[in-house]
Amino acid sequence: MKRAICILLSLLMLASCGISGGGTVTDPIIDTTVPTDPVTTDQNITDNPENADFYIISAEDYRDKTTAAFLSNMIGFLSDYKYVWNSDMTPKICMPDTWWRGICTGNDAPDNPYHSKIVKLFYNEETQLWENWIADAYSIDVLSQHILNDMYTAYGTTVTKVITEGWVKYSPWDMGGGNRTAGAYNLAVKKGYISPYLGNAEYGNRYPWCQEPWIGNDGMGMTAAGMPDLALDLASIFGRVTGDSDNVEWLDFVVAMSSMAYFESDIPTLIKTAASLFSEDSWERYVVQHCFDLYAKYPDSWRQAMIHAEKECARPFYYLNVGRSTNEQGRVEVNMAFMILALLYGEGDYNQTAMMLSLCGYDTRGTIMLPILAIIGGMDAIPQYALDVTWQDGKGEIINLARPDTETGVWMFAENLPERYKISDVIDLYCKNYEKTLVQNGGKIEDGKYYIPKTVLHTYDYVSIKNRELDSLDGFTLEGTVTLTDNAYHGNYAAKLTDGTVKTTVTGLEKGARYMLSAYIIADGATAELFAGNSVATVYKQSEYVLRTLYFTAEDTTAEIGVRGIGGTVLADELELIRIDEQKAEGIGEATVAMVDKTMLKIAAEGKSEGEILLKVNFANTSGSIQDAKIFVNGDSFGTVPFYKTGAFGSEDGADTLYIPVVLEKNKNSIIFEMGTGSVRILSAEFVTLNKRTVEAAPVEITPYSAPEIPAQGTDAIYVKDGANGDGKSAQSAVSSLKEACAKLPAGGTVVICGKLTVNTEIVGAYNNVITFTSVYSGVDYRTSGAKLSFVGSDALSLSLGGDAIFKDIDIEIAAKGARTVTCNGNKVIMDTGIKCTRTSNSFQWLGITVGSFDNTICQCDDTRAGQLTINSGSWQLIRGGNRGTRVTSVGDIKITVNGGEICGGIVGASAGYVDGSVYLEINGGTIGITGSRTTVTPGVNTEKTEISDNVYVTITGGKFVNCEISVSRAHGLGGVRGEAFVKVTGGEFTANSTFIRGKYDGKVNAEIADKYKSSCPIS
């Protein structure tokens, strides 16, 4: 398949979307977790040295793996829970294990008691077969195989315009693609646009961010098994029919893995190799790295990893066609993080991976990751029930019919494909197309075996740009008025230019080489110029972000690049610079351009082309709207190309450029452009090939995660008491506040309360290591002279800590009428021995402790810096594990340990809001509760807004419990625990009024209660 490649039209239109990338396809590493067939171990390799440059797989094995992969699209769709929402309409993630009813029993399967979407699996009593109604998870895959077959039939190779013709011919309904009024189908029927314009926001597709590219085109990896570069070429023309954002970059990632999985079974290797497609400083590369970090950080908790991934892998801002759709659950970066984690935690086990993909939430689906495991393991990897409802011993059919709600709902089918077709017929089509693709690309078929040329995966030759995402202007030269705005395409900020320029100098270019520079730009009522040296591409009067690409020849080894705004305000984001390789088309003469009249232009050239070549035109469009040109090659329609707005005419060597894929089949060729108006001017034209300027890349190196060491306590001491005004280095020169004292101990140490210190609302800034708060230091006990902490005032927040802390040998006085609180802010805090608490006559309760944050800041806690509280002495009111505010999330495991002291107001292990993690409550001593008042110990949730993502653990080995209600979660059915509860009681003293109550939870209660306590600790 020699192509100067129309496939690269999409590369040229969508420069920021990585089309191919790095890493070597290695010899198979057989993973025994998933059944594999070492298909490259063939005697022919030894007997015939000329076959050493080929991978060899039997036609039977290819069919087995490809069948398993296609079925896995169906299986993943039928198994998962997608679009599940919490009551506040935030995405619900990491559904409890109880929701997993087994494979192919998700929210599109019948009779789901937890969450039902659109049932698409029905049992036909008459035929005694299961019927699978077509879904978008694989409908576009099937459509594309028909279109690919049409290409081979008509041209013998891939021809871009056939995609548009196929969408019109087969008439698919699909949310992002087949949307009848604002999607790719609409643009194909009404405009006749060729790829990639069908999926481009600038030309009218309102869903260019949607899931369709990556859920509907992963099959291209199967169509180019063992040839990952070719798989990416196919993905570039088929995937970009429905997308123009990072969705097509992630499609490339998945397609590369699918293609390589035929001869590589090690999952981490597949992920790392495909990740080399992304530039080193890209968000996509960060997501992959962070998934490996989370996998190492939480080796035994996939839920914990995914909870963190939802927040930490999400871009700070994600431009989902603002004002048109904000489909939060379609965010590709979060979905991909979930899928990568499922592959890692699944460790090759098909069923376990399917379970995690199904329960994780969002629109993840197993539809594109389960096929990876299926390709590795073949049909033997798929659980029997899944085969029973899909393959059905080869008798399984896909029902390709509309439902009555098609006009108003979402139902995926193709009007002009058969109403019923066998799955085996779809596999026949895959095999037929693969054989043609294989032979065209240097492979061969002999004796029932496929010989696939061994190739390496390549990536773009990226050129580094500091702060290329424009989250910062550091490294850029600014002219005119340039600021940052949070109206970004991706990330925190974009550059805002008001008759200004943002530019920088890049190095390492090759003089005379060709490059493509791209950016997302808004020029609302203005003109933006994307420039490199003297070359310019234009964005004119564009109110929403569009992706613009500039092609230029490097005049030196350095170049000044950037964006300038003219006549108003321009926004620019996401700069990217890549080297390309453009050559004059072989065997094609010089193009001659002649205007027939103002609305018709004719280009003539001599010579036939082998497959598609590119007609490169430099142009200007001075109208205030996009102008469409119908193209005819030798009298035959070749589709429609839109010319974007440029404003005024450019120079004859202007850089507003389109690359239009055509096939020249005659010795003398005529190309006619029919323009709608006379506002488009073709400045020059030539026939070229455009091959990807690529470099061979190794798999991405993943930096191993290592937990930070727990900081040691510093050796310095600062003294503090009321009325002091010194440097804090002695009791005589003390400082007068805890905030000031801690500020002098950035590396930790000791704060010595050497006299009475009044605390009202004290917010201590962040410090490193551990600070010990005490009144006994260097052999002196300052309590004997009245040293104490005296809490006064009426605000609920009394003391907010900025780091890990130990309170020891200290007197605490509560001299306030209201409820006062010490807030730990997710640090590790120990209320150690020697704490004596007293109350004045006007106070009515003890000091409370909140392990999380006081109000609306996130409690940043995890397993290495978790929110942990240990109480060994003192008298306390309410102990709260998470955050006090309901609008924020406690991130990480909450751990509370009580070894001594007195807790009079109860224990709430969770937050008032959401907890991403588990709650651990261990009571080994002390007194919980007071006589005459009912006290609640609630390791689980406490309010209706509280929810815990994982488990609750309660361990009681000692202590005295007086009038206590100890609940797995709140007894009154408020809130919920997603996971399970583990209760272990081996010691302690319980009064007659102390009870254990089951409460509200999703999982079960696992109780281990010593015989002597079973009567006093009933689990109701």
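The following legends describe close-up views of a predicted model.

**View 1. The largest nonpolar core of the predicted model comprises 210 residues.** The residues with the most contacts inside this core are F70, F253, M369, F673 and F687. Helix 14, spanning residues 332-346, supplies the largest share of the core, namely twelve residues. In soluble globular proteins, nonpolar side chains tend to be buried together.

**View 2. The surroundings of F253 within the largest nonpolar core.** When residues up to four places away in sequence are not counted, F253 touches I271, A274, A275, L277, F278, V288, I340 and M369. One of these neighbours, M369, is itself listed with F253 among the residues with the most contacts inside the core.

**View 3. Helix 15 (residues 350-359) is largely enclosed by the rest of the structure, because eight of its ten residues are buried.** The buried positions of helix 15 are Y350, T353, A354, M355, M356, L357, S358 and L359. The buried residues of this helix pack against helix 3 (59-79), helix 13 (302-312), helix 14 and helix 16 (370-377).

**View 4. Four parallel strands form an open sheet in the order 29-34-37-40.** Strand 29 (756-759) and strand 40 (835-839) are the edge strands, each pairing on one side only. From one strand to the next, the twist averages 20°. Within the sheet, strand 34 (residues 788-791) and strand 37 (residues 810-814) run parallel and are joined by three bridges. F791 stands opposite I814 of strand 37.

**View 5. Strand 39 (residues 828-831) pairs in the parallel sense with strand 36 and with strand 43.** Three bridges connect strand 39 to strand 36, which covers residues 804-808. I806 has I830 of strand 39 as its bridge partner. Strand 39 is also joined by four bridges to strand 43, which covers residues 867-871. Here M831 is partnered by I871 in strand 43.

Technical notes:
Residues numbered from 1 in each chain as written. Predicted model: local features only at pLDDT ≥ 70, side-chain atom pairs only at ≥ 80, totals over all residues. Heavy atoms only, no water. Core = buried A, V, L, I, M, F, W, Y, C linked by side-chain atoms within 4.5 Å. Buried < 20%, exposed > 50% of the residue type's maximum accessible area, 1.4 Å probe, protein only. Helix = DSSP H or I, 4+ residues; strand = E, 2+ residues; numbered from the N terminus. Contact = heavy atoms within 4.5 Å. Pairing = 2+ DSSP bridges. Axes fitted to C-alpha atoms, helices over the stretch in contact; angles between N-to-C directions.
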